[in-house]
Each structure stands twice: as structure tokens, then as C-alpha cells.
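Hello,

Here is the structure we talked about. Please open it and keep it in view while you read the notes.

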Amino acid sequence: MPRAMIIDTDTASDDAVAILMALQHPDIDVKAITVVNGNMPVAQGSINARYTVEVCGKDVPVYDGVDAAITRDLYRAYFFHGPDGMGNMNYPAPKAPPAPGHAVEALIRVIRENPGIILVTLGPLTNVALAVLQAPDIVPLVSRCVMMGGAANCVGNITPAAEYNIWVDPEAARTVFRSGLPVEMVGWETCRGEANLTEEDMRYCKEVINTPLAHFSIDCNASALSANINWLGDPGLALPDPVAMAIAIDPTICTRASKHYVEVECDGTYTRGMTVVDELGVTKYDTANVEMWQPLVKKGEPHITVCWTIDAKRWKALLYDLIK
Amino acid sequence: MAQKIIIDTDPGVDDAMAIFFALRSPELDVIGLTTIFGNVHTHLATVNALRLLDIAGRPDIPVAHGADDPLAVPFGGPVPFVHGDDGQGNVNLPPSPRKAVNQSAAQFIVEQVMAHPGEITLVPVGPLTNIALALRLEPRIAQHTKQVVLMGGNAIVPGNATPCAEANIHNDPEAADVVFGAPWDVVMVGLDVTHNVYMEADDVAEYARIGNPMTEHVAAILPHYRKYFGDNYGIDGIYVHDSSAIAYLLDPTLFETIRRPVRVDCTHDIGRGKTWPALGERVDAPWQNRPDVTICTKVDSQRLVQLELNRMRGV
């Protein structure tokens with residue numbers, strides 16, 4: 001039986017490719033897509049998600065969610081993904097409207113109906129935080145919570161310290177990390193560099209694979225490609241959400257992972273939204289500044305899985321398989 | 001027509017007094033109680049809300065269970081030294097035969113407000129987590145809620161949870177900053193007034209003399225609460241916190257108010273949870289584009305206490 005999955009997303013171009021991968025995989029049954037504020041306002045993210053579902057010829061409900069961070073001011077990523085979030089490709093409007101009901105209620109309901117479900121988060125964690133705050137009973141029903149977010153080695157993309165998804169709503173991220181959800185954190189730093197699609201890779205997608213899905217995957221990321229090069233000085237196309245989705249589909253694509261206490265900085269002047277990973281396990285000793293870690297330490301062993309390295313070849317191979 | 005209200009509550013001795021005060025006031029139509037952590041954990045708040053409605057003979061009023069934790073940090077824990085281990089002065093009431101509705105507090109608030117646009121006043125007398133969650137689930141409740149009359153905060157007086165902060169706000173400053181910042185009509189009934197509403201020993205004794213199920217319950221739960229005020233403030237009586245919000249609904253002329261935008265200190269340091277109105281002439285950037293909050297600054301204590309006692313007497 002295929003594995004049940006629910007995807008929470010602020011759908012812009014790399015989210016679209018991640019959604020496509022899940023929808024195309026024969027062993028994954030996407031029960032719902034929930035849209036959250038982030039890269040785009042929810043209305044635009046919802047359009048992008050529904051269009052992606054239709055490009056795949058599927059019929060998965062897309063629920064609109066919270067169009068704000070819990071407390072922070074809005075900060076959209078138009079500069080990265082283009083005004084429509086989809087590389088300004090002027091795709092036609094999706095035929096289906098959003099599914100009736102709120103994304104947070106959908107998250108709660110779908111998780112309760114599918115114990116053991118995989119939750120994949122591709123955007124800020126506002127919807128998920130509101131779900132666990134209102135319905136903590138869903139936490140043990142989630143078998144894996146694969147999260148594109150954070151930066152375990154402090155390689156920020158929106159600030160030097162922070163990755164965008166966490167930075168947009170650090171309070172929500174903190175609530176999710178502390179909720180007990182079995183988070184597998186796929187940080188920004190594991191999704192760049194060697195993980196990027198090179199010019200050659202992109203040519204392979206468009207000219208050799210040469211399917212509508214292959215063209216869609218590369219074309220909608222046109223803005224993201226130039227932003228990655230010009231904004232972040234990283235050659236090639238970074239696809240963080242699809243990397244996280246690849247690990248959600250096939251955990252062995254993550255080649256080194258370990259469990260740690262992780263906290264989200266909500267108070268820092270320079271470090272808002274930083275994911276602070278206790279990589280060496282120093283908080284279990286009675287050393288400096290450890291008292292603020294005690295609530296976590298007292299709860300038991302570390303439960304956040306940090307993904308440190310991936311098999312870039314295998315992640316790309318999985319992507320190619322799914323856009324064929 | 002009576003004013004429809006939803007009381008968001010963490011009962012709590014003074015919450016019990018406020019709920020009964022509202023139920024005994026024909027001007028008010030309590031259409032639901034929503035529960036929150038604070039004086040007690042949320043599960044106990046729900047149990048107590050149901051029990052209090054049983055005592056009041058109002059099992060028709062729904063109770064919706066709220067969030068167990070604040071928006072951004074885990075709940076710091078209840079205050080049994082104020083309200084008792086059971087939140088009701090250690091009288092250990094029997095459980096209610098009823099249950100909470102199958103809907104979260106935030107969902108209940110959204111549904112009710114959207115079903116009765118412009119008609120409902122929210123009366124939060126605990127931390128503001130449920131109200132902030134409701135705003136994030138459905139931002140349009142800001143336009144469709146008649147008013148928010150909350151017990152919490154301290155504009156120019158010291159706090160009671162810390163030297164800086166009042167307990168309800170301190171329990172979830174992020175939520176409070178969301179609520180004070182939303183485009184709706186908020187009235188802050190905080191320590192500036194409630195630490196000046198003094199129910200003396202003789203007033204407190206009145207509860208035992210009135211002799212109905214609600215006043216008998218209050219009389220039973222008050223000794224534990226009173227001891228806290230004796231030990232901590234050296235007074236022979238109690239300050240009236242949550243009931244002051246109900247009193248504002250019944251008679252706003254009991255209060256003097258100012259209108260200023262309010263921010264809440266959400267840092268994780270010594271100032272956490274302090275409510276900061278922009279008091280001066282100048283409104284600095286963090287307070288700009290925020291609505292004016294009606295802040296209660298002075299109160300006619302005697303008249304307020306008599307109003308509450310009269311309502312409990314049935315006059």
C-alpha cells in the first residue's frame with residue numbers, strides 16, 4: 001500500500017517540483033496539500049499548488065491556510081521566485097478552486113484519519129504550529145515530519161544566521177520543534193552546492209528527458225536560478241524543497257543524520273530564526289548557558305533528526321525518474 | 001437584547017466569580033466559555049468551566065477546550081499557591097457529567113463570531129493564546145467582533161507575575177501583541193485598575209450570607225485565594241481581577257480610560273510580558289500603524305464591588 005503523505009507548502013517554484021515528485025511517485029499517496037504564508041501570499045501559493053496538481057493530472061485537494069506569521073511582519077520572496085512565484089511563466093489559472101475548509105483544520109483531520117502519515121513541510125511552520133497548538137493529539141500520529149528548513153551549520157540565506165522558512169515565523173518553528181513531532185530537518189546547506197542542478201543537468205532534463213513535466217520543473221524555476229546565482233553566488237539551480245521531498249520519499253538519500261536538541265532563536269538581534277543545533281551534545285553537561293536548554297533536556301533524549309549530507313547523484317536520479 | 005459574550009477563561013477562583021457575575025447579569029448573554037492555561041493547566045480549566053456551569057444551573061452553555069501551550073514557548077505552569085491544586089481553592093468538586101464541544105476554542109470563537117457578525121464581545125480573562133489563534137485562523141473576526149474586553153496587562157503600574165509583567169500577558173506575550181495589534185476595539189482592564197478594586201473582608205463575607213449555589217461555591221473557594229492576598233499584599237480581602245472586565249461591560253462609567261496603541265515586550269529577558277502603551281506625544285515606529293487600545297486607568301472601586309455583590313444578591 002502506498003505511504004500516506006500530507007504536504008504543507010508556500011508554493012513557489014521549488015515547492016512545485018517537490019509536490020510534483022510526490023504526486024508522481026507510485027509509492028506515495030498525497031492525501032492533501034495545505035498552503036501557508038511564505039514565499040507568496042496564500043492566494044498565489046494556492047494557485048501555484050493547484051496548477052502543479054493539474055499539470056500532474058491529479059486530483060488532490062489544496063487547502064488555503066494562514067496568510068500571516070504568528071507574530072512577525074510579512075516578508076515574501078518575490079525577489080527570489082518572481083512576482084508569481086513561478087518564474088513569471090504566465091501559466092494559465094488552475095481549473096479547481098481551493099478545497100473547502102481551512103488548511104489547519106485539514107491538517108488536523110487528515111493526520112487523525114491517517115495514523116502513521118508522513119508530513120512534509122516546505123514553507124514556514126505557521127499552519128503546522130497552529131495545528132499542534134490546537135490538537136496536540138496529532139503529534140504521535142505523524143510517523144515522520146520531513147522539514148525543508150533551517151541551517152544546522154549556520155549557512156543562512158535570508159540573513160547570515162537564518163534560513164528563510166524558519167526566519168519568516170521563528171515562533172511557529174520553535175513550537176513545531178518543541179512539539180515532539182519527529183522532525184527530520186533538511187537544512188539549506190545540504191540543498192545547495194553539489195545538490196544544485198548544473199547547466200548540464202538542466203539541459204539533460206529539457207533535451208534528453210524532454211517531457212512536459214521536465215520542462216515545467218526547469219522553466220518555473222527561471223527566477224530562482226538567476227537569484228541563486230546572483231543573490232547567493234551559488235552556481236546552478238538550488239532545489240531545496242525537492243531535496244527534502246527526495247529524502248521524504250527515500251530516507252537513504254540522506255547519507256548522514258543524527259539526533260540533536262535543536263532550538264530556534266526568537267530573540268536575537270542578528271540571529272532571528274537561527275536553528276541552534278547542539279551538535280556535540282554539550283547541553284547535557286553543567287556548563288555555561290545551559291539552563292535555557294533544560295526544558296528540552298528534561299523531556300528526554302534528543303528527537304530532532306538533523307540531515308548532514310545527501311547523496312547528490314541519487315537525489316538527482318530520483319528527480320529524473322519522476323519527471324520522465 | 002442582551003449582549004452576547006464569550007468568556008475565555010482559566011478558572012481560577014476570580015474566574016469563577018467573574019463567570020457567575022456575568023451569568024447573573026441580564027444585560028449579558030454568555031454564549032460559550034473557552035478555556036486556556038494560566039491559573040491551571042488547560043485540561044483542568046475545561047473541567048472547572050463545566051463544573052461551574054453545573055453549579056450555575058447552566059448546562060446549556062457550551063465549553064470549548066483551548067490551547068495547552070502558548071504560541072512560542074511552553075507553559076510555565078499553574079499557580080496552586082493562588083488558586084489551589086484544583087484551581088478552585090482545594091474544594092475538590094465532583095466531575096461534570098458533560099464534556100467540551102468537539103471543536104477547539106479558537107475554532108469555536110471563529111465560528112460564533114462569523115455566524116453573528118458585529119454581535120459578539122470577547123471577554124478573555126486569561127492568557128490570549130486562543131484569541132490570537134482565532135485571529136490567525138480567520139483574520140476577518142477582527143472586523144466582525146463587537147469588542148474585546150480583556151483582563152490583563154499593566155500600563156503604568158508594576159506587574160504581579162514579575163516586577164514588569166501581569167500574569168495573563170506574561171503567560172503568552174506573543175499572543176497579547178497579536179491581539180493588541182489587530183484592527184479591532186480592545187479594552188484593557190489591567191492591573192492599573194484591578195489592583196485598586198478592593199473587596200474587603202466584610203464584602204467577602206457577604207458571599208456566605210447571600211445563599212445561592214453560586215455564592216455558596218464562591219464562599220467555599222475564597223479562603224485559599226484570600227490567604228494569597230494576605231500573605232503577598234498584606235490585605236484582609238482580595239483584589240478583583242477578572243470580575244472587573246465583566247463590570248466594564250455592564251457599566252463603563254466605573255472606569256476612566258485613555259486611548260493609546262500598545263506593544264508587548266516579547267523578548268526573553270527580564271522585561272518579557274510588559275505591556276507598553278505609547279504614552280507620550282510621539283508615536284515611535286514600533287507603535288505606528290497599530291490601533292488605539294482603550295486602557296482603563298482609574299476605577300470607582302466601591303461602586304464596582306457593590307455592583308458585583310448586588311448582582312449576586314439578585315438585585
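Below is what was found, taken one part at a time. Keep in mind that this is a predicted model.

**Strands in chain B**

Start with strand β5 of chain B, residues 145–151. Of its 7 residues, 5 are buried, so the strand is largely enclosed by the rest of the structure.

Which strands pair with β5(B)? One is strand β4 of chain B, residues 120–124, which runs parallel to β5(B) and is joined to it by 3 bridges. Look for B:I120 there: it stands opposite B:T145 in β5(B). Another is strand β6 of chain B, residues 186–189. This pairing is also parallel, with 4 bridges. Here B:L150 faces B:M188 of β6(B) as its opposite residue.

**A helix in chain B**

Now go to helix α5 of chain B, residues 129–137. How many of its residues are buried? The count is 9 of 9, so this helix is largely enclosed by the rest of the structure. The buried residues include B:N130 and B:R136, along with B:I131, B:L133 and B:L135.

**Two helices in chain A**

Two packed helices are described by the angle between their axes and the distance between the axes. Helix α4(A) covers residues 103–113. Its axis and that of α5(A) come within 9 Å and cross at roughly 60°. The two helices are therefore oblique to each other. Their crossing is right-handed.

Which residues meet there? From α4(A) come A:A103, A:V104, A:L107 and A:I108. From α5(A) come A:N127, A:V128, A:L130, A:A131 and A:Q134. By type, this contact has 7 nonpolar residues, 2 polar and no charged.

An α-helix has 3.6 residues a turn, so residues three or four places apart point the same way.

**Where the chains meet**

Last, the contact between chains A and B. Chain A gives 18 residues and chain B gives 17. On the chain A side, α5 (126–134) and α7 (170–178) each supply at least two residues. Which element gives the most to that side? It is α7(A), with 4 residues. The chain A side divides into 10 nonpolar, 4 polar and 4 charged residues.

Best wishes

Terms used. Residues are numbered from 1 along each chain as its sequence is written. Chains are lettered from A and ligands numbered from 1 in the order in which they are written. This is a predicted model: local features need pLDDT of at least 70, side-chain atom pairs count only at pLDDT 80 or more; totals for chains, interfaces and linings use all residues. A residue is buried if 20 or more other C-beta atoms lie within 10 Å of its own, exposed if 12 or fewer, and partly exposed in between; C-beta atoms are placed from the backbone. Two strands pair if DSSP finds at least two bridges between them. Two residues are in contact if their C-beta atoms, placed from the backbone, lie within 7 Å. Ala, Val, Leu, Ile, Met, Phe, Trp, Tyr, Cys and Pro count as nonpolar, Asp, Glu, Lys and Arg as charged, and the others, Gly among them, as polar. Axes are lines fitted to C-alpha atoms, for helices over the stretch in contact, and angles run from 0 to 180 degrees between N-to-C directions. Angles under 35 degrees count as roughly parallel, over 145 as roughly antiparallel, 65 to 115 as roughly perpendicular and the rest as oblique. A crossing is left-handed if the near helix is turned anticlockwise from the far one by less than a right angle, and right-handed if clockwise.
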